[in-house]
Number of protein chains: 2
Amino acid sequence: MNAPAVDPAVARIVEAGGPQIPGLLAAVEERLAAVARSHGAVLAEHASATIAAGGKRLRPLLVLLAAGPDAVDADAVRAAAAVELVHSATLVHDDVLDTASLRRGRPTVWATAGRGMATATGDLLFSRAFAELAANDSVEQVRVLSWASSALAHGELVQREDAWRTDVTLDRYLFRCELKTARLFEAACRLGALVKGAGADPDALEALGRFGHHVGLAFQLLDDILDVSGPAEKTGKHRGTDLLDGTVTLPFILARERDPELASVDGRSIDTPERAEAICDAIAATGALEAARERALGIVAEAKAGLPDLPQRPALELVADGVVERYS
Amino acid sequence: MNAPAVDPAVARIVEAGGPQIPGLLAAVEERLAAVARSHGAVLAEHASATIAAGGKRLRPLLVLLAAGPDAVDADAVRAAAAVELVHSATLVHDDVLDTASLRRGRPTVWATAGRGMATATGDLLFSRAFAELAANDSVEQVRVLSWASSALAHGELVQREDAWRTDVTLDRYLFRCELKTARLFEAACRLGALVKGAGADPDALEALGRFGHHVGLAFQLLDDILDVSGPAEKTGKHRGTDLLDGTVTLPFILARERDPELASVDGRSIDTPERAEAICDAIAATGALEAARERALGIVAEAKAGLPDLPQRPALELVADGVVERYS
């Protein structure tokens, strides 16, 4: 199985990361396919579809880059696969909860096989992620991944708890982003640094972890901004889907402070795509999108500035730039 | 928090297991409650309810007994909590899939908080199970638990794949029981034997694992027999709920070989409680319930005969007897 087609930004990162990266990314795909095949035909079908629909492999790439050129290849590949398995498991469960028929243009497991198969598929991918790390013989890696996967589930709880609450504070929003996105990015970088042979000293490990955290946070902020700013041609969906789902994000939080009329909007009144688009326009009119974007760019700058002076620094900087570029 | 009320069979096992067992079981409850409290108020509410509804704590008891009197207490407690967390996670997800309102007389997370909260609660309990084992500093324990939790999810897939198929073979049925029940029981015994200080040699480890496997298998067979035999006063539900769910189990498989009329029944035609009860009567008339029970008792005897000569042997034998007693 070949690595999926990569976009130009990812191609540049792969190039800067060193000659070993393309081969390792292909090995991660092999590893993911092998896991999908390992529990019978039904899982193979559903898990393969999910994994194939997984997108840009940003998290495995972070693992491989953080691991650096001297890491033991098989260990780096297993750690990268483990992070992607947790990410895939979350996507399968999210599709069940959102009753989503398509993800990246492909039918979801929920759509083709139903709720039961999809829930079990997600559970299996979770379990197999930990088996990958056990094969790396590293309790520390297990600790890092279980910390991140606990955070993902906790973030989902927080999001549901806060649904339709327009009084969500900035701190609460950032906490949710940390749980739902930043910690898995941080875990990817930490896992890379912990791989056998990576040779990261404790300071570099912490610095790489902070880098991943900031990149993940910026990734989520920019994603949330895009949902309000559109255009629909870029996102493939109407503007304001988060508002329709009752999820309050940074642009709305900032706009509310600037526009008393927005501050008085009841979240549940946003119940049609037209109404959601109108609220998006009102948010944009306050300048909140620029303010939110500025905050995200500041976080990316912080991520890059804090990188330790390692051989993989240029490639990691490109990852940070690529996250911004994706949303510009 | 005190240990929940235990039934007399469990009380005898606790007594035979040694003076340390009641304190350790109480410590497991404390540990489970601490995990439930560790991710905010919403999780605390839902996870606590699930954990409290968890029943007899048979799996943690197996961990503690297999660990023996010389194991390090804190490690044995964490391993026992980890197994129960995986079991609880499975129950929460099962309740979502079955849209079950009550479990052991208490409202399920699905019923009180909805699908999203319940799925995330299950995911969090899974993740925290691995964090417990990481705290035990044992990659081998992580490996054993991820093997068992993968099997649980795989078993769920197999069950859904086989739904409404009346031609399920005996081997296929036993494979499903192995995945859905026996491997977590086996993992409980292996984890106990692997706990720091347990001092099980490789032969004892394997023998304890086989014991757990057999006890788990018998547990599932007897549970499936009870669903057909009733009485409803004992199970709290109509006879034949498995048949109504499209789940073919041992009594039906054996009865089909004995009664051509049963062999020609279409699973989907069993669509009312009355029809299910009638099929249960037809199964009972073939003598298949006695044959199934004999098979289960043979597995229990095999479990007991294979136990190594350890101080905890009498208590483990009582566990095996207790599984039979529960269903007699």
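Is the crossing of H12(B) and H15(B) left-handed or right-handed? Before the answer, a caution: what you see is a predicted model. The crossing of H12(B) and H15(B) is right-handed.

Let me stay with that pair. Helix H12 of chain B covers residues 250–258, and helix H15 of chain B covers residues 288–305. Their axes lie 8 Å apart, and the two helices pack at an angle of about 125 degrees. Because angles over 145 would count as roughly antiparallel and 65 to 115 as roughly perpendicular, H12(B) is oblique to H15(B).

Now the residues. On the H12(B) side we have Leu250(B), Pro251(B), Leu254(B), Ala255(B) and Arg258(B). They meet Ala288(B), Leu289(B), Ala291(B) and Ala292(B) in H15(B). By class, this contact has eight nonpolar residues, no polar ones and one charged. If you are looking for the charged one on the screen, find Arg258(B) in H12(B).

Next, the two chains. How many residues of chain B are in contact with chain A? The count is 36, and they touch 36 residues of chain A. Four helices of chain B each supply at least two residues to that side: H3 (40–52), H5 (73–97), H6 (109–135) and H7 (139–161). The largest share comes from H7(B), with 14 residues. Sorted by class, the side of chain B that touches chain A has 17 nonpolar, 11 polar and eight charged residues.

How are the copies placed? In general, two copies of a chain are related by a rotation about an axis and a shift along it.

Last, confidence. The model scores ipTM 0.87 and pTM 0.90. Chain A has a mean pLDDT of 89, and 96% of its residues reach 70 or more. Where in chain A is confidence lowest? That is helix H10 of chain A, residues 232–235, at a mean of 70. Confidence in chain A is highest in helix H8, residues 170–194, at 97.

That is it from me.

How values were computed: Residues numbered from 1 in each chain as written. Chains lettered and ligands numbered in written order. Predicted model: local features only at pLDDT ≥ 70, side-chain atom pairs only at ≥ 80, totals over all residues. Contact = placed C-beta atoms within 7 Å. pLDDT = per-residue confidence, 0-100. Axes fitted to C-alpha atoms, helices over the stretch in contact; angles between N-to-C directions. Parallel < 35°, antiparallel > 145°, perpendicular 65-115°, else oblique. Left-handed = near helix turned anticlockwise from the far one by under 90°.
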